[in-house]
Amino acid sequence: MAKALGTPLTDLSFDDREIILSQGPLPIFNSSSLLQFNQLLCRLGLRSGMRDKQLEEHVKKARSLEGTRLGLEELAQFLTLPVSDTLTQVYNLFEQSEDGQMDIRHYIVALSTVLRPPKSFETLKLAFEMYENERGEILEEDLAVVMEIMLGVKDVDLSGLFLAQGKLDERKITYDELHHLLENTSHLSLDGFDFKDHPGKGCISRPKSCNGQSHDKDK
C-alpha cells in the first residue's frame with residue numbers, strides 16, 4: 001500500500017503504518033481511503049486527544065439523528081469546526097445521497113476504524129449502537145456499508161455470512177450473533193464476505209437457497 005501511495009513505509013506516520021498493517025478478525029483490506037481520511041483528520045486536529053469517551057459522545061449524537069443526513073455546514077456543527085477546504089474533503093469522502101448530504105454514522109465508523117485498527121470488534125459494537133433496532137438487530141444493507149468502510153472495499157455481499165447464520169431470508173443479525181460467527185468460525189473473516197477485488201474472488205460463489213436459486217439481488 002505504501003508503494004501504491006508512492007511513499008516508503010518508513011516515511012509514514014506510526015498511525016498510518018498501524019492502519020496499513022492492521023491485523024485481527026477483520027483486517028483492513030484496502031487502506032488507501034482510510035489513510036486519506038486519517039491524514040485529513042490530523043490536519044483538522046480531530047485525531048489528537050480523541051478517546052473512547054468522545055467516540056461514544058459522537059455515537060449518542062448520531063443515534064439522536066436517527067439516520068438524518070447532514071450537509072456540509074451541519075457536519076461542521078456536529079464536529080464543532082468551521083467550514084474549510086479540509087473539512088469539505090472529509091465530507092466528500094463519504095457516499096452522499098441525491099440531495100448532496102452524508103450519513104454521519106459513516107464518518108463515525110471510519111473514525112473508529114482509523115483510531116483503533118486492530119480492534120475491529122469494538123468498531124462493530126459501536127456501529128451496532130448506531131444502527132440496531134429495538135431487538136438489537138442490524139439490517140444486511142446497513143451492515144454491508146459498515147463492512148465496506150471498515151475493510152476499505154466496495155460492493156460487499158454478506159450472503160455467505162447470513163447463510164452460515166441460517167438467516168438468508170431474514171437478513172438481520174445481532175452483534176452477539178455476528179461476534180460469535182467471526183470469533184468461532186475462522187473462515188468467516190474475509191472469506192465470509194464477497195466484495196469487489198476480493199483476493200479469493202474466483203473461489204467464491206454466491207450461496208443458493210434451498211430451492212437452488214441464487215440470492216443475487218440483481219436477479
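**View 1. Helices α3 and α7 cross in a right-handed sense.** This is a predicted model, with residues numbered from 1 along each chain as its sequence is written. Local features need pLDDT of at least 70, side-chain atom pairs count only at pLDDT 80 or more, totals for linings use all residues, and side-chain values use heavy atoms, with hydrogens and water left out. Right-handed here says that the near helix is turned clockwise from the far one by less than a right angle. The axes of α3 (residues 52-65) and α7 (residues 120-131) come within 8 Å and cross at roughly 25°, which makes α3 roughly parallel to α7 (angles under 35 degrees). Axes are lines fitted to C-alpha atoms over the stretch in contact, with angles from 0 to 180 degrees between N-to-C directions. Helices are DSSP runs (H or I, at least four residues), numbered from the N terminus.

**View 2. Zooming in on the residues where α3 meets α7.** On the α3 side, Leu55, Glu56, Val59, Ala62 and Arg63 make the contact (heavy atoms within 4.5 Å). Their partners on α7 are Leu126, Glu129 and Met130. Sorted by class, this contact has 5 nonpolar, no polar and 3 charged residues; Asp, Glu, Lys and Arg count as charged, and Ala, Val, Leu, Ile, Met, Phe, Trp, Tyr, Cys and Pro as nonpolar, with the others, Gly among them, as polar.

**View 3. Helices α2, α6 and α8 at the lining of the largest pocket.** Each of α2 (32-44), α6 (104-115) and α8 (140-151) supplies at least two lining residues, and α2 gives the most, with 4. The lining splits into 8 nonpolar, 5 polar and 3 charged residues.

Key
Angles under 35 degrees count as roughly parallel, over 145 as roughly antiparallel, 65 to 115 as roughly perpendicular and the rest as oblique.
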